[in-house]
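Please open the model in your viewer and keep a selection tool at hand. The stops below go from one selection to the next, with a word on what is found at each.

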Amino acid sequence: VRIRLTDEQSLLQASIRALGHKAGISLGTGAWADVTPDDAIDAAAPIGLGDILQTPVGAPWSGCVEAVVVASELARQLVPVPYLGSSVMAAPLAALAGSELAGARVATASDLTGWAASHDAADAIAWDSAGGTSVVALRRDSSGGLSLLQAPWSSVLPELDATDLTRRMRLVRLDEARPLAPVRGEQAREHIVRWRALILTGVAADLVGVMAGALAIAAAHARTRRQFGRAIGSFQAVAHPLAEHHVSVQAARIATYYAAWTVEHGSPAQALQAARVAKAFASEASRAATEAVVQVHGGIGFTWEHSAHLFLRRAAFDRGLLADERVHYRDYAAALCSTGPGATRPGATGPS
Amino acid sequence: MDFGDSAEHAAFRSRVRAWIDARRPFPATGSETSEAQLDEWHAALRAEGLVGLSLPTDVGGQGLDIMYENILLEELGAAGAPPIWRRGYLARTLDRFGTAEQRIRFVPPALAGTEKWCQGFSEPEAGSDLASVRTRAVQDGAGYRISGQKVWTSGGHRADWCLLLARTDPDARKHAGLTCFLVDMTSTGVLARPFRQLTGENYFSELFFDDVLVPAGNILGEAGGGWRVTAAILSLERGPADIGFLSDFQSAVVATARALASRPGLQTPDAMLAFGRAAASVELLRLRAAESLYNRGDGDWDPAEASVDKLLMARADQELANGLAEAFGPAWLLESGGDVTSRYLWSRAATIRGGTAEIQRTIVATRLLGLPRG
């Protein structure tokens, strides 16, 4: 047991932090820069982000905690590398297709949220799709089974003007998609459950970064902005909400690490339960935290030029992505009631 | 980042799990399981060598690393068993600050439960501003004479000993003139009077000290060093691990899952949302407690982090109480003595006792977020 980042994990975190100084949209001061995904992808290339997470089919996964470290740290500074979209969401799906998608920069397009259903023109949304050259999608067929599809980039519709201004979203048509592999057999099904846990955890990690990044800017503002002759952070009406949101960040952070660790070391059912806790709580808490960050800034926080709205928008988007806390709290409760808490109790996994 | 057990931890976990499973059915648990039931449970844990896991063996502990405590809590909670005894943090304080004689004299019977302890901190005029305590201790020959009043003392009327905070130097700075004493509750001049809380129970006491003579050998820590001891006690009390709440919350989650499973009609979307949120808040607390214990065991722990623990514990307590009330519907309102009612009423203390939530937020804001003091 070691409930703390390893030196290697801390080093990775530091290298992403350094990347953020070069390629982050958030400058950490309230100001922000118009960094494009292409700029960020180029700047991140030396780190080799794509190799950190390994999700072979039918073999143990590795790098899940590291992926969470990367996702949180990228989000904290709003670095527009499509890490979640391509490495966390698409790559483990593409792994199910064997070597067929090797080398492609894949974007996931799964109707993960039901959002696409509200668009007549599209079947799915390629979320965080910057830099993609090919689309991998998961679809439930008429018989209720899942199949994996690949769609050419030509079936990707123009970029959406989405709420989140820091990532690229596109609608996708799947009528030209070709089937890659049906998701059949215990191994593939288990792979998909783990993947679901992983992507929920990935979005939760993104939210942890969003909350932490936004709160750090708000705390700095509260230390320096003066009214009535004193720093506004000395007023409890300002300080206490920030303290409560700091508590939320700490809780969400440890829940996200636990979920990532469980994706690797737990059963698929345990992983899903841990991921639901992380995603549900991070969704709920990040909305409150980013709203408070706008409030603490007062008028300046309501301007386009301040980064507060970028965090607010991204938190709102992530909260809805893969369903919000209402769904995940209910699913968590339903699983507790159907299997009993014993099935997902701690320590049931192998020793470290 | 590794949440897994080492081989030794895993072996201990299996042993504890088997031992707990053999004790079913458990005595009924509630938010405030009766003291007698807890005493009995404590004695059973003690007989199995599960008390004082991370305290040194020379005072009756087991000399294990602190993560063993975490495993015990997790297993009690996951099984729905009664929680550990709530005053463990006082034994830890006696071990940490006691002289060689005091440790050997006081810690073993405290762990055994043969001597019960209470904590004499709050006063009618010293609540959040604890360092303004007015209880006076005046040197008199080889001892001190103590006079004053304490309040909100958990189990004070059942205690054999009191860890008391008193002012020894009225001229010193507020925090510097304080000293901690170990006071025999059978001393002449001590009166403990239980009073009734909003739940209807008499759990807390007020204590009156009228010229009570305490030998100088019963100072804990140094004369004038009482605030240091107090701060350490508060940071232990604020962590969910040392006071048994964590496994109590987990047991409530287990019991609720069982109740909802046996009556599918209760599993409405509203009930499941309320229960899911409550259960998740307890799970967050479990993870945070494990992290804090790990860091504490490693010596790399800022006591201000205990305020994060405390705020999270208060959230879990209140989310749980509110969640159960919602999940089971309004029937609880017809049962003043029922578990949901009791848990709901008791949960209001979560943001008051052991330092109010407002005090914790100020600590987090100033010491962890670097905000200026008001």
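Begin at the boundary between chain A and chain B of this predicted model, where the rule finds 5 salt bridges across the interface. To see one of them, select Arg253(A) together with Glu291(B), whose closest N and O atoms are 3.0 Å apart. Then widen the view to polar contacts in general, for which the count between chain A and chain B is 17 residue pairs, both residues being at pLDDT 80 or more.

Next, colour the elements of chain A that face chain B: α5 (185-224), β9 (230-231), α6 (236-265), α7 (268-297) and α9 (325-339) each supply at least two residues of the side that touches chain B. Which element gives the largest share of that side of chain A? Select α6(A), from which 17 residues come, the largest share. If you colour the touching side of chain A by residue class instead, you will find 28 nonpolar, 11 polar and 11 charged residues.

With both partners selected, the contact takes 50 residues from chain A and 55 residues from chain B. Between them the two chains bury about 5000 Å², and 66% of this area lies on carbon and sulfur atoms.

Now stay with chain A and select His221(A), which has its place in helix α5 of that chain. Is this residue, His221(A), buried or exposed? With a relative accessible area of 16%, His221(A) is buried, because the cut-off for that class is under 20%. Setting aside neighbours within four places in sequence, show the residues in contact with His221(A), namely Ile232(A), Val296(A), His297(A) and Ile300(A).

The next stop concerns the cysteines, and a search of the whole structure finds 0 disulfides over all chains. Select Cys162(B), which is in no disulfide, and draw the distance to the nearest cysteine sulfur, that of Cys118(B), which is 3.8 Å away.

The last stops are about the backbone. Most residues other than glycine have a negative phi, and most peptide bonds are trans. Pro25(B) is found in the loop between α1 (7-21) and α2 (35-47) of chain B.

Return to chain A and select Leu78(A), which is not a glycine and yet has a positive phi of about 55°. Leu78(A) lies in the loop between α3 (64-76) and α4 (83-95) of chain A, and at 0% relative accessibility it counts as buried.

Finally, go to the loop between α8 (308-320) and α9 of chain A, where Ala323(A) lies. The phi of Ala323(A) is near 80°, again a positive value in a residue other than glycine. At 21% relative accessibility, Ala323(A) counts as partly exposed.

Methods: Residues numbered from 1 in each chain as written. Chains lettered and ligands numbered in written order. Predicted model: local features only at pLDDT ≥ 70, side-chain atom pairs only at ≥ 80, totals over all residues. Heavy atoms only, no water. Contact = heavy atoms within 4.5 Å. Buried area = accessible area lost by both parts, 1.4 Å probe. Salt bridge = Lys/Arg side-chain N within 4 Å of Asp/Glu carboxyl O. Polar contact = N/O pair within 3.5 Å; in protein donor to acceptor, adjacent residues only side chain to side chain. Helix = DSSP H or I, 4+ residues; strand = E, 2+ residues; numbered from the N terminus. Nonpolar A, V, L, I, M, F, W, Y, C, P; charged D, E, K, R; others polar. Disulfide = S-S within 2.5 Å. Buried < 20%, exposed > 50% of the residue type's maximum accessible area, 1.4 Å probe, protein only.
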